[in-house]
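Please look over the sequence and the structure shown here before reading on.

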Amino acid sequence: MKISVGNLLSAISHLIDIAQGIREHAPKVTYISLQLSNLLGFKPFEKKKIYYAAFFHDIGITVADKKFITSHIDLNLAKNHCLLGYEFLQKLPLDRDVAEFVKYHHEFYNGSGAFGYDHLATPFASQIINLADQIDIALDFSVPYYLQADNIREWVLKKKGVLFNPIIVEAFLELAQKDRFWLDLYNPHLRQIVMALSLEDEVYFDIEQMLKFSEAISLLIDNKSPFTHVHSQELSQTVYTIAKIMGVDSETANKLKIAGYLHDIGKMVVPNEILNKEGKLTKEEFYIIKSHPYYTKLILSQIPAFKDDIANWAGNHHERIDRSGYPEKLGKDELSLLDRIVGICDVYQALIEDRPYRKGLPQTQALGIISDMVKNGLFLEEEFLLLKRAVS
């Protein structure tokens, strides 16, 4: 099993953009950063690191659940999401420079940025990503580029040697003379354009690296709420134990473990105040919560290596065999045993964990509730017996 790192970053950055309500921010910042890197003569391995860092530069905002613009203007919030992104990326099997570039992408040339580091103390790649980030924020994509390009150029030139490195500014001014640069930025298929730019020397994860990547993502997801800080990790271990009990091959068992880690990735789009609400959810809040498995499947299906199995196992975890689940109302004939295993493990894990509105239940009580769900036609006896063997 080989997984394209570019596909992973593109899919997850898409989810970040959805969560922040910003259209294609990560691809735009990545595109500008890569174009600047080309003009500045960066070598392929250096551009690859910038590519990864640019795609993931705002991952910390999603964890912190702060508003996009505020997190770019308020220096304390900017510092916070840079640190969160740095801590997350350190857990991934990527070059350590990628995390460093993200950590310092809100530094300015004169030292007035998030950490107060000037251009001499800030990685040059971070300075490139910062300029790209600021340009995308400054652009109003509801207005044609030719009505804004001159103003953007003048603003960047005015901040030369103040906010932005003069070398990078000169490269941008050269780049900004090309109509294609602006047309690409406005292209609704920019994500595909950026992906095509990254295909040379593409990096792939093997199954072990993908497990580490997925575990890091699960920590990111679970840390959105103090009530789910081990949810995905524990669920992942339980479904893996069941896979071993079933005697499936090693690759399938590891794929199931990845599905366990990533089953709640769609919760990135759910605001923290809903995830952590102590009282009863309103109808609107409940529908927002119910959207998360939809986004899980949507995002994971964008990764070719996940499309036919992992995306379904993870995305179907709230479906029930009597069609009472969500978001697709799938039934017994449409749900595989592995779909149902992730689903029943999710229920079990949720029952034994503390929630804002109740304490976690003892194992025997949790299993008793799930036994009633089997009797009521929500799950089958097959997956329930496997669950009991795995947790007993």
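## Confidence in the model

Among the elements of the protein chain, helix H4 (residues 59-64) has the lowest mean pLDDT, 71, whereas helix H10 (residues 166-175) has the highest, 98; pLDDT is the predictor's confidence in each residue, from 0 to 100, and helices (H or I, at least four residues) and strands (E, at least two) are DSSP runs, numbered from the N terminus. For the protein chain the mean pLDDT is 91, and 96% of its residues reach 70 or more. Where pLDDT is low, the predicted coordinates should not be read in detail.

This is a predicted model, in which local features need pLDDT of at least 70 and side-chain atom pairs count only at pLDDT 80 or more, while totals for chains, interfaces and linings use all residues. Residues are numbered from 1 along each chain as its sequence is written, and side-chain values use heavy atoms, with hydrogens and water left out.

## The nonpolar cores

The largest nonpolar core has 115 residues, and those with the most contacts inside it are Phe56, Phe172, Trp182 and Phe306. A nonpolar core is here a set of buried Ala, Val, Leu, Ile, Met, Phe, Trp, Tyr and Cys residues joined through side-chain atoms within 4.5 Å, where buried means under 20% relative accessible area, exposed over 50%, and partly exposed in between (1.4 Å probe, protein chains only). Helix H20 (residues 337-352) gives the most to this core, with nine residues. A second, separate core has five residues, including Ala78, Cys82, Ala114 and Phe115.

Which residues surround Trp182, leaving aside its neighbours within four places in sequence? Trp182 is in contact (heavy atoms within 4.5 Å) with Leu139, Tyr145, Ala149, Ile152, Arg153, Phe172 and Ala176.

## Helix H20

Because 14 of the 16 residues of H20 are buried, this helix is largely enclosed by the rest of the structure. At 1.5 Å a residue, H20 should span 22 Å, and its end C-alpha atoms are 23 Å apart, which agrees; the expected span of a helix is 1.5 Å times one less than its number of residues.

## Salt bridges

A search of the whole structure finds 14 salt bridges, each being a side-chain nitrogen of Lys or Arg within 4 Å of a carboxyl oxygen of Asp or Glu. One of them joins Lys49 to Asp97, with the closest N and O atoms 2.7 Å apart. Lys49 lies in helix H3 (residues 44-55) and Asp97 in helix H7 (residues 96-103), so this pair ties together parts that are 48 residues apart in sequence. Lys49 counts as buried at 12% relative accessibility, while Asp97, at 30%, counts as partly exposed.

In another salt bridge, the closest N and O atoms of Glu334 and Arg323 are 2.5 Å apart. Both residues lie in the loop between helix H19 (310-315) and H20, so the pair ties together parts that are 11 residues apart in sequence. Asp354 and Lys359 also meet through their side chains in a salt bridge (3.4 Å, N to O), in which Asp354 is partly exposed at 34% relative accessibility and Lys359 is exposed at 62%. Glu251, Lys255 and Asp309 are linked in a network of salt bridges.

## Cysteines

How many disulfides does a search of the whole structure find? The search finds zero, a disulfide being a pair of cysteine sulfur atoms within 2.5 Å. Cys82 counts as buried at 0% relative accessibility, and Cys345 is buried with a relative accessible area of 1%.
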